[in-house]
Structures are given as C-alpha cells and as structure tokens.
Amino acid sequence: MAQTTGLPSRVAAQPSSLASSPKRAARLARAARAAFRPRHRRRLVSSSGTRAAAASRSRETPPLSRLAEACLSPSLSPDEAVLIAGGDGPAMTRGGDGANGGGQKQGAGKLPRKRFYRARAHSNPLSDSHFPIPISPDEVDLSQHYPRYFPAGEGDAAAPRIRFADVGCGFGGLLVGLSTLFPDTLMIGMELRDKVTEYVKERILALRASNPGKYDNISVVRTNSMKYIPNYFRKAQLSKMFFLFPDPHFKEKNHRRRVISMQLLDEYAYVMEVGGIIYTITDVEELGEWMRSCLEKHPLFEAIPEEEIKADPVVKLLSTATEEGQKVARNGGQTFQAIFRRISLQEE
Amino acid sequence: MEDAGIEEAEVSGGAEFAPALVAAHPLGSSVAVAVGPELRVFDLKAGSAVSLSDDSGGSSHSDAIRAISFSANGVLFASAGDDKLVKVWKTDSWCCIRTITSEKRASAVAISNDGTHLTFADKFGVVWLVTMEESVGGQKPTDNKPVSILGHYCSIITSMKFSPDGRYIATADRDFKIRITLFPERPLRGVHEIQSFCLGHTDFVSCIAFTCLSEGPSFLLSGGGDSTVRLWDYINGCLLDTCQVRDKVEELIETSETGDNNLAVTDICPTNDGSLVAVAIQSLNGVMLLACDLVTKKLSFLKVMTMEKSYIPTSLSSSFSADLLWTVMGASNMPNQATSQLFTRLKIIPNFKKDPLASSDHVPTVLEDSEVPHGEKLLLALQGSLDIGKQEEVLASVLAALKVSMHKMLVKKHYSEERREQRKRGRNDKKIKKRNICSSCDHRFVACT
C-alpha cells in the first residue's frame, strides 16, 4: 500500500513563513506524527489539519490573491472558484451579505466552509438508522430536491427520474463535476454522515444561487445506502452508480461493512437498468482487488473493455473531481478502478 | 458510567423468549409443535405420538426452535433455531436425516417445492442453501456445506417462503422489507436476480404467506408490527390492499389492557382456496378472520373468533387436505417456572373455510378439548399436560414475556437526541485524544515534547 508516500513532503511544502507560531508548530508535528498511523485513521487527522491551515491562510490573505488562489485550487470547479473569491470581499454588490464572514449560517450564493462541517470519517452502517427513510420510492419527493424540474402544480406524468446515484458522495465533488457534464440528468448523492450531507446541501444551494440555470440537477440525501437503496429507487431506474473511495474496512471482521459485496451487488443490480454502468475507484489496493473480484464473480455485471473506459468522459472525473481523489493525486498515490456494466442474466 | 447502567437495565429485561410454533403436514397425516428445544409430533393417521429418532450423527436441539416447516409434498420437515442447528427430518419415519450447523442463529427455514434444496436464514440477514443429496440421486456434491445465496443487509429475516410455482423465494425482514428473488434451476451458483421489493409496511414484517386461486395467479400476504395485513402483487412489488387490524382489536379489548399498544401481527394462515386468512395478533385472545377476494384484490374484516381469555395464539397452521386450523400458544422458557416441563396450549378451529365460518355466528367454532381428534392422547403429546388450561397465571406471564421479547428483537431502537450525544462523547477515539493531554503542563504531548 502507498502508505508512506506523500504526507511528510506535503508538510514540508507548506509555507514556512506561517510556521512561526507555537500553534502552527504543534500542527506540523501532529501532521508528521500522523504520517505513521494506519492509512484510514490518518486520513481524518491529516486532512482536517491541512484544511484548518488552508482556512487560516485564506483569512490572512487579501481578496485579490484569494481569487488567484481559488482559481488555482484543484478542489474547486471554476464556478466555485469565482464564488470563493467573491464571497467576502469585492462582490458586495451581489448579495450585500458580506458581513457574516465567519458565521456558520451561509448567505445565499455563498459556498459553505468545510471547517464547519467536519465529521468523523467513519460511520456505522450496521446500526439502526434514526433519520427518516421513505417507505417506498413513491414517497421520495423529488420536487424538494429538484425544484426547477418539478414546478408546483404540474402533474408528474412525464416526470424525470433520478438516473445517477453517487453512493457515499462525501463532500460532493463528483456531483458538481457531473452536473455540468450531464446538464439534463437528475443525479443524487447519498451520504451517511449528517454534517457532510449538510455541507453538500449548502454547497449545491450556493452554486445554484450564483449560477442561475446550472446545478439544478444535483441533490443530496442523508441515508444508509447499504440498507435502503430499494426505498429510493425503482427497479432498473439508474443508469450510473458511483462508489468512489469507500471506507476500506481492513479487518476481516469488518468486511461485511464494505459497500461493495456480492449481496449488496444484487440490490445495486436491481436498481440499475441493463446497460447501466457501475464505477468504483479506491486508493487502497486490497479494497480495489476486493471490489473487482466481487464484480467479476457477479453474474449480472461484466467488465467494460479498456478502450471504452478511455473514451468515457466520466472516468476522468473519478480521480479528479472528488476531494478524496485530489488528495490521492497530491500525494502521488495510486488508484484502482473497476468499471462494470449491468447485463441481463445469461441462461444456459 | 451511568450510561453503562442504562444499557444493562435495558438488556436485563429477561431472557429471550421464542414463541411456540405449530405446523400441519400438507396432506394432514401429522402435526408438529415446537416449544423451546422440544419438537413434538403427533401422527394423525396412527393416532399416536411419534418418537423422533436421529440418524444424522448431529446433536439434538439444545435451544429454542425458531422455525419449522414441511416441504410442499410433505416428505421432508425442517427445524431450525437459536442453537445454530438446522435439522432435516423424513416424515414417514420421523428420523433426522441431516443436521447442518449454521454460523449464526437461524431465524427462518424453508424447503424448495421440489424438495431438492433447503434454505435457512440467520439473524444477520444471510440466506444459506443446502442441497438435499438424497433427493438429487446419484451425484453427491463433494462438500456439502451451506452456501450463502442472498442477503438482507444486517437485518433479521423473520420469514421465508417459496412461491407456489417454485420460481421465487420471498424473504421478509425487520427493516420493513419483503424481497422477492428469482430462484434459479441451479441455485448453488447464487441467487442474484431480484424480482421485486414489496415495500409498504411501516414496521417490521413478522410473517408472509403465499395464497392463490386454484390454478390461478398467486399473491403474497404479509403481516407486521404496524398492525396491518397486506396483500401484494409480488411479481411487480405492488401493494394491492391493506387491512388495519388495530382498530378492530381495540374495539374488542379494553383500552387499559392495550396500554402498551403492542398489537403486532404474529402469524397469518390463508385457506387453501385463498378466500380467507386467519390472523394471530399480540394481545388478542382469539383469531381474526379476514375475507380475501383475489379477484377484486381486496382484504376485508370478517370476524374475530374469541377464545378463552388467556389464550392468545402464537402460531397458526393448516393443511391442504383437512379443513382444520391449528393454533398454538406457548413460549420457550417460562418465567418463575417450578417444573422443568414446557407447556403449550393447543386449539383447533374446524371447518376452516369461508362459507361455514362466515355464516355460523352461534355454532361453537372452536373445538373443545374433548372434541379434538384423538382427544387426550393428542393433547398430552403436543401440550405436555392436560390441565394446562387451568394454569392461567403461567400463561399470562408467558405472553407478557413473549411480547417484550419480540418487541426487543424486532422493533427498531430509538434513542433520544441527548442519549446519542452522550454516546458520542464516550466514543473510543475521543478517549484516545483525552489521554494525549500531558498531565504536567496541561498541553498536548506533541506541543510540550
């Protein structure tokens, strides 16, 4: 595994002028220490550490250089880069809400800040859920998620359906990337951690407010997709499902918590149309092999030829659009993809 | 540490109780009652109790039996339970031909219609499959370990049945779901293609049963913790009708008794022609009958057949040939029990057909103990005692314990917001952080070293 790569060098690369305060030194030391922890624990600690550093940096820098920084920052889409730069400083004309800079409440059209939505990296998928679950797909109210596609008072005769599902969408990077790539396709992110879901919600609202006519086709829902996929989607409803950088769950005891397994693939196959594509990617070799072997063994999925994968514009987004993917790329880590197609059962 | 105290108090509510179960042979030649680890069988043709024998070399049941089932043709019988054993019996000799050890406690068992496969479900939601080599003939699978064929994600499977045509296997769980899966010719390779989900219950699903018009299409009936019986077009996963039994029961029982509001449906049993459904409900002393019209696809309340006050059936069964509805009541271990014997109470409703039952308002509809076929012999064999009817307080405590036990096992846990916050504070990863604080300078270790 690519465990020892990346982190120490990232610590060193941070601007040394900021490292003068004792607090800063402590942070650096912590990050260095984190480099020697097992990967899945480290991810939480290290990323929050650097995120805090980025936040403090952005507070100190003047608005103009923030624009430049935001444009360079790989973790943001171009629309968001503008949003960040305009959020506090020069764009007072837009909303007049520039005053509530540090508050958790976000004004319209303003990107939420991740530091207010930090959450533990793991969540127990086995526990009884306490959040509301639709009893059946008929109860999913799409007009709340996609108001532009479901104007009030109109019959839902030819109502569009959700076609893409990003399972474990995290901070929503892929959704934002896909939204402009498939502007007429409804897609939903599913995330178990409530704070993270809140962040994605705010992020989408901010993007919609600042880019009228765009980002109306993405939404997010807090749910346990390992238990409740059939409560959200009908048979053969989805054409694409995404499982990006899922929790690796190294211990054998915890393998049943992995989001890809033979049994769960049955349910994914049920909600996917024949010809639909399932995308998985991870930076953990062991998990990559696990996901690939599950998909290979499953009679309802077949591997997609290499040329076809190369031609698919979505594949590039897997490693570039998500926060987790960018982190891996930054650290020079390896990724392992498994991209399969849903097929109908071959009766011999 | 008060948190741990709360939890212990919740757990120590008593041992787990398993309800007594009854199963009638499809051709009416025998009837089986399971209570605790005991399996009692009565041969209705010979009119005598059956002594079970075991050729499989496995141990006998040592903990509560949770599921029993005859195969469709009545040749095989399966029992499974909390002792993680699944036993298969031949019904002609009542000899155990196979003992399978499960990894987890078994919660449901079914035999495929052609008798070639046995499936059992465990409390983690996984369904396992075993080939019955005797019936296959000739080719013995080399290693005959159970193979996992499908799974509900970490949810107790409460009931499992094969459809009448044998093409589908239906599984119900405590997460409100009923899953209909295509059962292929060679299921050892896995049972992956889901036909539909029947979603509509708003609490756990406790029982499912297939019903059909003669030679017509078949439908699925289900009952659950939300006090409803539902009729499904299971091929398409469509809910056809819902019958709320709560209102009817509350009319009958004084509200003081139903303060706990546990009116979960515990078992359902349709008649052969599909026109009638018998429903057992927690707290209802008797059996509720629903008229089931499979042409208009409607369920409607017909009547409640009340029985003596303390008799609340836990399990129902009927056979294809005789028009008898067998009902049984009992639990695996009795609270404050002096004797070691496990008692059950058995009652039989004759003429389990729509027409006589719908019209006969004054005719006694439950057989008295003296009217039971084979009389005392049968009662002694299946109940364990003759005068069990007199032990009212024992029966009452059994039922109270059963209710609590079922509720605990199947109902979703609801924790208050404060409770969840409190649990979060005591989380292990937070504890590690606390330990890292240096005692001498009150800084984190990282900062002071």
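Trainee: Which residues is Glu323(A) in contact with, leaving aside its neighbours within four places in sequence?
Mentor: Keep in mind that this is a predicted model. Contact here means heavy atoms within 4.5 Å. With those sequence neighbours left aside, the partners of Glu323(A) are Lys114(A), Phe171(A), Gly172(A), Gly173(A) and Arg203(A).

Trainee: Is Glu323(A) buried or exposed?
Mentor: You'll find Glu323(A) in helix α15, residues 323–330 of chain A. The cut-off for buried is under 20% relative accessible area. Glu323(A) has 12% relative accessibility, so this residue counts as buried.

Trainee: Which residue just after α15(A) takes a positive phi?
Mentor: Helix α15 covers residues 323–330 of chain A, so look just past that stretch. The phi there is about 65°, and the residue is Gly332(A).

Trainee: Where is Asn224(A)?
Mentor: UniProt, in an unreviewed entry, lists "binding site" positions that include Glu323(A) and Asn224(A). Asn224(A) is buried, at 2% relative accessibility. Its place in chain A is the loop between β3 (218–222) and α10 (225–232).

Trainee: Which backbone nitrogen lies 3.1 Å from a polar atom of the Asn224(A) side chain?
Mentor: Set aside the contacts with Pro125(A), Ser129(A), Phe131(A) and Leu192(A), which leave out neighbours within four places in sequence. The nitrogen you want belongs to Met226(A).

Note on methods
Residues numbered from 1 in each chain as written. Chains lettered and ligands numbered in written order. Predicted model: local features only at pLDDT ≥ 70, side-chain atom pairs only at ≥ 80, totals over all residues. Heavy atoms only, no water. UniProt positions renumbered as here; feature names shortened; annotations may be inferred. Helix = DSSP H or I, 4+ residues; strand = E, 2+ residues; numbered from the N terminus. Buried < 20%, exposed > 50% of the residue type's maximum accessible area, 1.4 Å probe, protein only. Polar contact = N/O pair within 3.5 Å; in protein donor to acceptor, adjacent residues only side chain to side chain.
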